[in-house]
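This briefing goes through one protein model with two ligands, topic by topic. Please keep the sequence and the 3D view at hand while reading.

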Amino acid sequence: MASASEFAWSKDFVVGLIGMGDMGKMYARRLSSAGWRIMACDREEKYDELVEEFADHTNVQILRNGHLVSRASNYIIYSVEAAAIDRVVAQYGPSTRLGAIVGGQTSCKDPEIKAFEKFLPSDVDIVSCHSLHGPNVDPRGQPLVLIKHRASDESFDKVESVLRCLNSTHVYLSAKEHDRITADTQAVTHAAFLSMGKAWHANKQFPWEGSRYVGGIENVKINLMLRIYAQKWHVYAGLAILNPEAHKQIGQFAKSTTELFYLMLEGRADELRERVYAARDKVFGREGSPKWAPEPLLPHGVLDRFSLGKKPETRLPNNHLSLLAMVDCWSKLGIVPYDHMICSTPLFRLWLGVTEHLFRSPGLLDECLAVGIEDKSFRRDDLQFTIAASGWAECVSLKSFETWRERFAVTQRFFEPRFKGAVEVGQAMIKAVLEGSKD
Ligand SMILES: NC(=O)C1=CN([C@@H]2O[C@H](COP(=O)(O)OP(=O)(O)OC[C@H]3O[C@@H](n4cnc5c(N)ncnc54)[C@H](OP(=O)(O)O)[C@@H]3O)[C@@H](O)[C@H]2O)C=CC1
Ligand SMILES: O=C(O)C(=O)Cc1ccc(O)cc1
């Protein structure tokens, strides 16, 4: 593991962390274990609690506020809510130590970089980062985006040397490239799962309790939906609402969902088939020259292994509107999802994995299309899914954090009694996929 002692300049080098929530704490623990000296703060009210929590970490010193952290640190990482970045940098940015390096760990870089440009002194270098995984995922091998926005090579090298102890895979992008790719790997992926949760909630069902939703692709849908609703709302709201690129993609996903659902409702089988196959060719390549790798993205057997319910004797076929709409959306926007693997989260890999599974399993795609036209078992859920996808898209386009929070919170409350246990199953599923893809 890379450690601080390898570098002569590291002796007096202090890494500052502003925001000691889930991600800030994860960085503090991992960086300090590698020997880096950390000065960190959260809101002043949390000072005593944090001092107690980090009492055993000799390399971590908790300070009362961001002014003190900014004055003392050589490299400062803002790890606060994306929606708060402007306000927090306005507050502490002017206190930044002369010649320091500043970066942020927020999920959307447009507002972060704007805040840095607006409020940081001109002698300060800007190098931002983004770990593309949650705080409880092992960072080894996961993408870590590094953005050399305004910095000397020396400053950039220092940031890389500090963050190398995470053992993540470094990905070098501009802020704009980062936002364009993560609009797909994160914002629109989340929109799909958020819509599933809303649809099941609207029909008052815990999907794993009925025979319609157990096994295979359904396991991934359920586990990831629960995983998202078990998290803090602001992470998902921020990366969708504040990312200008995300609006287009979430809007197209809602449009694709609605148009495919109309074709199903109206029984327009030929048009549905034509549209879905055209999307398949564009996104996954034509027969004989596929864009997917020879081996499927998902390790064999992973789909059935992590179930919350009891697998029924016979699998009830589903039309998988959400997956058809995802591929239609990628096709309409000219996105090749494999190109986005450089910024993939575990969740995105699973989502692309099940989509790929559907489109590359002989007979499965045709079964979906037939079910979409002939079978009414999923109509109610599909209707609610369509409404939900459009609702999220509207909310994002209106940039309404408050509506977003309320939409999320009410469904979070519905599923809350089931988070315990479900989150562990989801975590185990992600671990299996990560381990499988390392093989
Ligand atoms: N969670 C995840 O999976 C990931 C999150 N991210 C990004 O990382 C950032 C942090 O996320 P996460 O750690 O999950 O969120 P948290 O809500 O857990 O942490 C943010 C922390 O910043 C604090 N904060 C707000 N204002 C100030 C201030 N003025 N001074 C000091 N601290 C302040 C918050 O306090 P309070 O709660 O009181 O507002 C909170 O404790 C977000 O931008 C998120 O998008 C990136 C990768 C993964
Ligand atoms: O895997 C995901 O998409 C997550 O849900 C975790 C997550 C959330 C926010 C980020 O900026 C990065 C990762």
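**Strand β6 and its surroundings**

Strand β5 (residues 101-104) pairs with β6 in the parallel sense over two bridges, where strands count as paired if DSSP finds at least two bridges between them. This is a predicted model, in which local features need pLDDT of at least 70, side-chain atom pairs count only at pLDDT 80 or more, and totals for chains, interfaces and linings use all residues. Residues are numbered from 1 along each chain as its sequence is written, chains are lettered from A and ligands numbered from 1 in the order in which they are written, and side-chain values use heavy atoms, with hydrogens and water left out.

**Strand pairing and burial**

- Together with helix α5 (residues 109-119), β5 and β6 make a right-handed β-α-β unit, right-handed meaning that, with the strands pointing away from the viewer, the path from the first strand over the helix to the second runs clockwise.
- β6 also pairs with strand β7 (residues 143-150), here in the antiparallel sense and over six bridges, and in this pairing Val-127 stands opposite Lys-148 of β7.
- Strand β6 (residues 125-131) is mostly covered, with seven of its seven residues buried; buried means under 20% relative accessible area, exposed over 50%, and partly exposed in between (1.4 Å probe, protein chains only).
- In a regular strand the side chains alternate between the two faces of the sheet. In β6 both faces are covered, with Asp-125, Val-127, Cys-129 and Ser-131 buried on one side and Ile-126, Ser-128 and His-130 buried on the other.
- Helix α6 is likewise mostly covered, eight of its eleven residues being buried, among them Phe-156, Val-159 and Leu-163.

- His-178 lies in helix α7 and counts as buried because its relative accessibility is 0%.
- The residues surrounding ligand 2 include His-130, Ser-131, Gln-186, Tyr-236 and Thr-345, each having a heavy atom within 4 Å of the ligand.
- An N or O atom in the side chain of Ser-107 is 2.5 Å from an oxygen atom of ligand 2, and a side-chain N or O atom of His-130 is 2.5 Å from an oxygen atom of this ligand.
- For His-190, a polar side-chain atom lies 2.9 Å from an oxygen atom of ligand 2.

**Ligand 1**

- Among the 25 residues around ligand 1, those that come nearest are Arg-43, Val-80, Glu-81, Ser-107 and Lys-232.
- A backbone N or O atom of Met-23 lies 2.8 Å from an oxygen atom of ligand 1, and an N or O atom in the side chain of Lys-46 is 3.0 Å from an oxygen atom of the ligand.
- A polar backbone atom of Gln-105 is 3.4 Å from an oxygen atom of ligand 1.

**Aromatic rings**

- A search of the whole structure finds 22 aromatic pairs, in which rings of Phe, Tyr and Trp (its six-membered ring) have centres within 6.5 Å, with planes under 30 degrees apart counted as stacked, over 60 as edge-to-face and the rest as tilted.
- The rings of Phe-206 and Phe-414 are stacked, because their centres are 4.9 Å apart and their planes lie at 20 degrees.
- This pair links distant parts of the chain, with Phe-206 in the loop between α7 (175-202) and α8 (217-229) and Phe-414 in helix α17 (residues 401-415), 208 residues apart.
- Phe-206 and Phe-414 are both buried.
- The charged end of Arg-418 sits over the ring of Phe-206, 4.3 Å from its centre, the criterion being NZ of Lys or CZ of Arg within 6 Å of the ring centre and within 35 degrees of the ring normal.

Notes. Helix = DSSP H or I, 4+ residues; strand = E, 2+ residues; numbered from the N terminus. Polar contact = N/O pair within 3.5 Å; in protein donor to acceptor, adjacent residues only side chain to side chain.
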